Amino acid sequence: MSRILASPGSYIQGPGEMAHLAEYCRHIGATSAYLIVGPFVNTTYNTRITASFEPAGMSCTLAVFGGECSREEFARHAEPVRQCDVVVGIGGGKTLDTAKAVAHYAGLPVIIAPTTASTDAPCSRLSVVYTPGGAFESYLFLPSNPVMVVMDLDIIVQAPAHFLVAGMGDALATFYEADACRRADARTMAGGRSTNAAHALSRLCLDTLLDQGDEARIAAEQGVITKAFEAVVEANTLLSGIGFESSGLAAAHAIHNGLTVLEQTHQQLHGEKVAFGTLTQLILENAPREEFERIVRFCRTVGLPTRLADLGLDGVGDDDLMTVAEAACSPADTMANMPFAVSPYDVFAALRAVDALSAAVK
């Protein structure tokens, strides 16, 4: 099996980048853009998003994202997107995954412009598909990565700080899942085995979070762009994006997907559930207690969940947790990338153990 590293064509991060959106579309030869924009983002930044197109002599069609990255949502855009020659996704993770899927089915290139640093979705050739009710359905593997990812720090820093924190939760899993896949010699989301470069980026991602995550959170709470804020935005988006796709997913994301079967967890952001999945993976691996406690303390410091109650699962019954565990071990998910067999009971026990052990960490 070949070793493959996948990445976006370009990654651009800096203040005021949304003003160059039409220029970036023209750079890839486009003349008419189909913009899929999150509803809050459209209300808040509509003028800033569309302002660059008319002066550049480009037309644009703006469609507001319907709220769920589902096959029904893809179908809604199928006809109007045919009038354009590039798709631009602007907003949060599900908006961006929808833009990637719509562009794929229309045979068009896609530019991704996140308005938060809340997930590692922007850089990948992957869309996570949900049911209209918000439960995980499947991964949609795409033939190519976005041609460009544009991070406007002036907009990203205005997002609530908990979005950045959720992005840290998503990125926190990157190294641990990468390392599990490396030991298992598993096939990655890019279709091959991991490269040394991708594994190194995964390690840099973790080191950046642990070293600068809390400083970045404080900067986000103050609405200011600091070096730590810039570093963590890059870790959440680029390092984690390349790291997860080219190194692989394992237990942490499978457990996230299992948790989505319980409606109580739908209020939590993707990265918040992934962070809890990371702690659960550490228990499954029988990681050293010091490592588990280090990650628990990091999560507490920045505001990520470490207890079931933090996920809205206070008092959750064994039957519900076993349902989560069975979904996490679905053959269609990534639990099989662990370097040892994992049963639903193993996951159930690890979920309970995380809750109890986290409570004991001082």
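Which residues does Asp170 touch, not counting residues up to four places away in sequence?

1. Asp170 touches Ser118, Thr119, Asp120, Ser240, His253, His270, Gly271 and Val274, where contact means heavy atoms within 4.5 Å. The model is predicted, so local features need pLDDT of at least 70 and side-chain atom pairs count only at pLDDT 80 or more, while totals for chains, interfaces and linings use all residues. Residues are numbered from 1 along each chain as its sequence is written, and side-chain values use heavy atoms, with hydrogens and water left out.

2. Asp170 lies in helix α6, residues 161-184; helices are DSSP runs (H or I, at least four residues) numbered from the N terminus. Asp170 has a relative accessible area of 0% and is therefore buried (buried means under 20%, exposed over 50%, partly exposed in between, with a 1.4 Å probe and protein chains only).

3. The UniProt annotation "binding site", from an unreviewed entry, covers Asp120, Asp170, His253 and His270; such annotations may be inferred rather than shown by experiment. These residues span 151 residues in sequence, yet no two of their C-alpha atoms are more than 12.1 Å apart, so they gather at one spot.

4. His270 belongs to helix α10, residues 270-284, and is partly exposed because its relative accessibility is 21%. Leaving aside neighbours within four places in sequence, His270 is in contact with Thr119, Tyr130, Asp170, His253 and His256. The side chains of His270 and His256 make a polar contact at 3.1 Å (a pair of N or O atoms within 3.5 Å; within protein, one must be able to donate a hydrogen and the other to accept it, and residues adjacent in sequence count only if both atoms are side-chain atoms).

5. The structure holds six aromatic pairs. Rings of Phe, Tyr and Trp (its six-membered ring) pair if their centres lie within 6.5 Å; planes under 30 degrees apart count as stacked, over 60 as edge-to-face and the rest as tilted. The ring centres of Tyr139 and Phe141 are 6.3 Å apart and the planes stand at 45 degrees, so this pair is tilted. Phe175 and Tyr176 form an edge-to-face pair, 5.8 Å centre to centre with 70 degrees between the planes. Ring pairs also link Tyr130, Phe136, Tyr139 and Phe141 into a cluster.

6. Lys94 lies over the face of Tyr130, 4.1 Å from the ring centre, and Arg203 lies over the face of Phe175, 4.4 Å from the ring centre. The criterion is NZ of Lys or CZ of Arg within 6 Å of the ring centre and within 35 degrees of the ring normal.

Conventions. Helix = DSSP H or I, 4+ residues; strand = E, 2+ residues; numbered from the N terminus.
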